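Have a look at the sequence and the model below. The paragraphs after it walk you through a few parts, one at a time.

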Amino acid sequence: MRSRHAQFNRIVLAGLIAALLSGCAKPVEIPVLEDPVAVNVAYRPVEKRYVGKYSVAVGNVVPVEYCHFYRKVTTLKEICCDVGQYVEEGDVLASADEKKLKEELQDLAAERALTVSLHDAGLGLYALNQDLVDLDKKSCVNVEDFKGAAECENRLNLEKENYVYDEKLYEYMLKQYDRKIADISKDIEECTLKASHSGYVTYIKDTSKDNVAKINEAVVIIADPSETYIEVPDMNVDNYLYRNYEMKYAMIGKEEVPVEEYEYTGDESVYAIAQDSYPNIRFKTVSDQGLKVGDSVVLFFYNKKHQKELCVGVDSVNSDDGGSYVYVRGENGEKEKRYFTNGPSDDLYVTVIDGLHEGEEVYYVQEAASPARYKEYTVSRTDYVQELETAEIRQAQTLNTAYFAPCSGTVEEVFAESGKEVKKGDVLMVIDSGGGRSAISELENEKKRALSEFEKKINSLDQEAYDLNAQIKVLTLETANYHLCEPEYRFQTEKMKDQAKIAVIEKQLAQIEYDAATQKYNRLLSRIRENNDGKGKISIVAKDDGIVSAVYVKKGTLVKENEENHLLLSCSKAVPDKIAVLTAKAITLPITGKKLGAAAVGTSVSIVNSKDGTAYEGTCICNAWNAKSYAFTEDEKARLSTVSMEEKNNGRIIVQMDLKDFTDQADIRSCRAFVRTLALKDAIVLPGDLVYTEKIQGGNKTREYVWKLIGGEPVKQYVTIGTEFGIGNGQETVILSGVEEGDLLADELNVQ
Amino acid sequence: MIPFIAKKIKNKKLLNICLLIGTILLAAFLCIYPMFREGSLNRLIKTLFLAQQEEEGEYPAVISLKETLSYEEFSSVAETSRRLKETGDKWCADLKADSVMEQQVFTYHGGSASSRFGPKSRVINLGYVTDLYRYADVVYGVGAEEADRSENEYVKEALENGAYPCVISQKTMDDNGLIVGELLSFKYRIYDDTQGMLDFVITGVIEEKEDAGLFWHMRLNDPEKTVYLRASDFDKIARENEIGEINVTENRMPDYSKIDHKNAQDYKSYLEKITKENTHISVNFLTTLTSYKEQEKEISMILFAFEIPIVALLLLFLYMVSGRILEMETTEIAMLKSRGITRGRIIAIYALQSSIIAGIGSLIGIPAGFLMCRLAAGTDGFLSFTLKDVSTYDFSLMMFPFAAGAFLLGVLFMTLPVIGLSKLTITDRKGLRVSLKHTPFWEKYFLDVLLLLISAYLLYNYYKQSTVMSETIIAGGGVDPVIFLDSSLFILSCGLVFLRLSGYLVRLIYRIGQKRWKPAGFVAFLQIIRGAKKQGFISVFLIMTIAMGVFNTNLARTVNENTKQRIEYNLGCDLRIDEVWRLITIRNGDEMNWSYREPDFGRYDVLKEYGASGMTRVLRDEKTDIIIGTKTEKGNILMGIHTKEFGTIAKLPADVNSRHWFHDLNALAKDPKGVIISSNLAEKYALKTGDKIKYARYGPMSDKEPYATVEGRVCGIVDAFPGYESTDYTVGESGGVEEKEKYLLVVNYATLISDFSQTPYSVWVSLDKDADPDKIREALKEKIPAIATMRFGSEEIQKNKDSAMLQITNGMFSVGFIVSLLICVVGFLIYWILTIRERELLYGIYRAMGMSMKEIVKMLITEQIFSSFLATLSGFGVGALTTVLFTKLLSIVYLPRKHNLPITIFFRLQDSIRMIAIIAAAFTVCFFIMRRLIRNMNITTALKMGED
């Protein structure tokens, strides 16, 4: 009892002391520690995927194009077609200026005719001259001057030899004339470009500033939409790196379709490289996929043939003396160190040969913090269209004529006004050549001088013939009256008769020469007098109906013939009713800053009226990008045709659409044009903020990833996105690989 | 005279034993000073050298001679080696130190060498190391000395063509893409100004032997890109070719364990002298010795300051006991005087008597001091004795002079009271009794109050100068010892003031109750008033002993606990591990890209087998910029933590912040972009929770431009955080210490890595109490060879406890307390025994008058209450007051730096209970002895005496 009491007392005492020691202080509230929402470690399943180095490119489905060009520098007279127009094989596409060729042909024909006439007329001269020498010989023999007879014999042989030579020369000259005439005739014939294939005209040369087609320069390109191939912008025979890659395929929707190069022949490639002009690489799918012009496809290039293999992320793998190992999530959630045999690897993944199984969850540590608060986002497929706005839009001016100074002089009058309509034959400008009048006078003086000389020559020949005939008469009379039968007299009379005949022939020849000269002077005069009022003033007249697009000179400007700088003015042909054209500066891809050039033929283009927001749809019918080249084989020879460099770094596309909605120029200028640069079918497109970027260790390169929800946990999943290839923008990211339809992603919520 | 003195001693053997105890303790305590000082200084030297070795990772005592010789000055390797050896031997001989190791390295600055297999040319040096193959292994091929045995075809061919054989290190091989058999060709000028070719063929690859001991002070790779030749070849090349200057190095490693407090100054002077005489000589431990000399003064002074109060107490004790003896012998002295014995002779008699006691006491005091010193050196806290290694604290010859000093002091203080009494005659004695009623000198002139005021003023003054004092200490300056004496002065003066006040109190109570009390009470009070002077001594004694005990306990506890807390706070956890991370750099045009690959954190799981209960990554960057508006604060601390793991593993006292820090951790856990900031930053920029701030970090390649800047949202404000010290000290241009405020940002680890990419982190580990650091160290060494540092909290705390200053404090306080307690108990007991014996007659009278034994005991109890108990109580009060007033001030000496954990006075109930228990036990024992004395008193005799 007593001890109990004591025990009670002790307890009370201890309680009191404890209360005294601890009870007075305010207890500190210790909260339970919470898990941080931001973590950078998690588990990721071992899964099958391609491992290895690969590259991606985006290609557009474009029609096969046929170039039409001149093989020598040619001044264009007319382009007979316009972009968007359908032409049949054999249709005339363009023609060159053949006036000069025809004048040249005319001159050559006249020269040939003169040569023939002179030859024919002079045929009797050889016999007469031989006869004269033969008479001299006989005379020498008669007087027993054998030395003289021998000389005469030599002269006879020489004359004969000369005659043979002259005949051969005459034949040669005729051949030369005939060849030249044939060449020029062919050139005249080739001045007309004819369509080699039926199809749509996708390009015509811009002749607003220059109407000279260089050698091999594409003048007209025709596209046949029934034949297509996949073209990757900016990937050409020079910079193409994937020729030897063992695996190439196009991702069309979900399908991986093998592709192969639409190869250029060896000669074509060599010729292109030699010309330092590189045609784009073309691809075709091994099987028909029903691709049509305007579609886009994503191409994958693997350097080695791959199969999807079991792999783990490099951020999971560690190694020590025992080899490579990972931490696998054990049954009770604990980390289990597991060695495995690794195979080839790339920047992101290491293949597993042995030691791990598909689906096992492997621990990984990475720099990025997992999203703390997020909602689920389900990946789906959708058609993806990318439109990029062009820099400029203006009315089409497809058919242009440039007018250059035909002669040196001073601009006296300018009738043409920019934007004004002109009819064929209208005088656009007058140039005071100054030198025209003197040229005519000179020609007329030449003509008179030729006539005077001709008359002198005829008179002289007539006098000579008269004298000879008089002497012949005397001799004949003397011979008859005095019965002079001396051979000497007979020889003399015969010689005079021959000489009289020669004079007659020479007179004929003079007449022929004079006639030819007169004709030549008349031709030259008529050429000079063309557009010349006879006072040296040259009129520039409109070659065709059209609108003056620009006037480059003004009254008083000094111009010089055949100098490029002295472009006088240019006119454009009226735009066909249903073609609206916009010219765009190079389309620059977002984010990458890569210049796409212009849209592919067949691409849709939206033109939006900025005032009321009305959108009009059209189709790109022309893609003129600087220095684009085409390699092909024609007549068993490799050919290369290039599109002439237009404005530096700019591209030009022409869109065909219904014009009725555009009433005037102002309407077009207030519009904005959006080119559909890409059209992917069944693509995976994610909102931009779902995709994260990280810097690759040890460099400036970056790679992208999403947070894929696996078992409710966000797991870092690397993806290939299209941005690097100009696909997508800040708001939308096109995923080329890494996630599949139906995958759940973490859509991070912003915490304010 | 001797028998007379012996008889005297024998007659009052108890009191003389007390005197003997007093002198033993005095001598012992004084002897502690030289022994403890020398031991502490030796320990300090040892600690400084070990710290240097740890910090620099090399032998901490190397004397190096580096000469550059022209080919004319260079005779041969052997000759130069002999000369260098002589120089090294002379150093050791002069220092009277053994040479532990010697290393001699010879190098030519090489030129551009073309190679057969590798790149066209590379710069290679030529070298020779004495005893190379004794301390290096040929890991591939053969050594240059055994070149003829090489089976490498290229080597054979090259040797046949006259190439010199050489060996290279593994690193040189890797770095330069060299292989065995490689032929290196140098173009050199020969003496006659013509050019010649020197061919060297690599015959083998060498590596330093693991058991090479201290030999590799200069590592194989220290002279970069060096091929090592044979001595003969080295000489031949020097002789025949003008190949530039030859660098020769002698590294001599004397046995630094022989450096102690005695010869440290000699070493320092000698080393300063030789480095001054020859600028080619360098010594890597001169700074250590200089640092030692600076701390030496401080240690001596502090130790001295701790000695004084206890010595004063002991002298007081001697004076008191001696006074009691003389009081009893007053009649005897008067009789002697009356019988014509001169005063001098009387003094001589007592001086001789004192000398005998003091002599014996001093002799015994020396071994007692030795034991006490070892006891003190073995403490790890106040009254916390351990069996740790105290071998550095050894017997010192200086203990003899100190014992002699104790002897003299003892004699002096034992003889002093005789000087006054020796002039008294029998007649004077009556007057003396009357004079006992006189007010003491100190009380009369208010010396107690004056002393109290002086100590208070000093205290105030020191507090005022505390900042300057802290800075002086941080800068390595000494401590004013008066700061320690002031506390003793305060205790003494307080004790005297108490005595004064208790006298007033007793008189007051006496006056109030004198007419109402029963005889026992009345007599008790009368006795208290009458014996006030006699009792005053023991009261002051009690007060001083207890107050000093309380104060020392609290001070030691405060210093120990605060130091421990700060170490734990600064480290933040039980174990912090830093691993060497590989920095990968890639040049990208003008820019240098860098990255770190995180080593497998899972390797640390092995620690769980060795008592680790948790571990976490903690990223810490001390160069972070904080940007607030347009202002940028540079060089701040950024920590990246996993909040939950960190909260579990890190240590922080719960009450150092306005709320428990887990609240802030949870706030951070909820907000990925959240930032916990330090309160000093919040105050400076008036930041509050929810505000946004930016912070930027610098990469390892450039500290000019930050490589990333991110924005965070303030989610918590803390005063203290594990591992964060808000005040940094730097040495200013003037040489003084400058304070710099550092700010803290704590962010989520994952966010930090995500924003700034991966950079090296520390691994913080929490350990079980029984975790063995050595085993952990061994285990990690096997698993993770690239560990840079491993800091165990327990080791750092222990290391700090072992530091000279703290060891002195703990040791001296503990021993001082024991000594003071011992003399207090002895003094108390003696006083009362004598008092009772003195009053034996009185008790007889009281009994004869009819007073019961119970009443006598009651009387004794009343006396005890108003004398001893009140004094004891007062001792505790004074101790508490001194603690409150002085602890924070004195703690500055030990913890001069400003810290997030302010100095907290630690008062542990156990300490007080322990002390109360000891005092109570002592009192109880005394009381029982007294009771027994009274009981055993021959009452009949007493009664008879009373009747008489």
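Strand 6 (residues 92-96) of chain A and strand 7 of chain A run antiparallel to one another and are joined over three bridges. Strands here are DSSP runs of E with at least two residues, helices are runs of H or I with at least four, and both are numbered from the N terminus. Two strands count as paired if DSSP finds at least two bridges between them. One bridge to look for links A:Val92 with A:Lys194 in strand 7 of chain A. The pair sits in an open sheet of four strands, ordered 7-6-4-9 in chain A, with antiparallel pairing. At its edges are strand 7 (192-194) and strand 9 (212-213) of chain A, each pairing on one side only.

Before going on, some housekeeping. This is a predicted model, where local features need pLDDT of at least 70 and side-chain atom pairs count only at pLDDT 80 or more, while totals for chains, interfaces and linings use all residues. Residues are numbered from 1 along each chain as its sequence is written, with chains lettered from A and ligands numbered from 1 in the order in which they are written.

Now for another open sheet of four strands in chain A, this one with the order 2-15-20-19 and antiparallel pairing. Strand 2 (47-49) and strand 19 (341-345) of chain A take the edges with a single partner strand each, so one side of each has no neighbour in the sheet. From one strand to the next, the twist averages 55 degrees (angles run from 0 to 180 degrees between N-to-C directions, and axes are lines fitted to C-alpha atoms, for helices over the stretch in contact). Strand 2 of chain A pairs with strand 15 (residues 309-313) of chain A in the antiparallel sense, over three bridges. Across from A:Glu47 you'll find A:Cys311 in strand 15 of chain A.

Step back to the whole of chain A: it has eight helices and 45 strands. Of its 752 residues, 33% count as buried, that is, with 20 or more other C-beta atoms within 10 Å of their own, C-beta atoms being placed from the backbone. Chain B has 30 helices and 28 strands, and 41% of its 948 residues count as buried.

Where do the axes of helix 18 and helix 28 of chain B go? The axes of helix 18 (residues 519-530) and helix 28 (residues 853-894) of chain B come within 9 Å and cross at roughly 40 degrees. That makes helix 18 of chain B oblique to helix 28 of chain B (under 35 degrees is roughly parallel, over 145 roughly antiparallel, 65 to 115 roughly perpendicular, and the rest oblique). Among the residues that meet are B:Ala520 and B:Val523 from helix 18 of chain B, and B:Met859 and B:Phe866 from helix 28 of chain B.

Finally, see how the chains touch: 35 residues of chain B are in contact with 29 residues of chain A, contact being C-beta atoms, placed from the backbone, within 7 Å. Elements giving two or more residues to chain B's side include strand 17 (583-588), strand 18 (591-596) and helix 21 (661-670) of chain B. Helix 21 of chain B gives the most, with six residues. That side of chain B divides into eleven nonpolar, 16 polar and eight charged residues. Here Ala, Val, Leu, Ile, Met, Phe, Trp, Tyr, Cys and Pro count as nonpolar, Asp, Glu, Lys and Arg as charged, and the others, Gly among them, as polar.

How values were computed: Two residues are in contact if their C-beta atoms, placed from the backbone, lie within 7 Å. A residue is buried if 20 or more other C-beta atoms lie within 10 Å of its own, exposed if 12 or fewer, and partly exposed in between; C-beta atoms are placed from the backbone.
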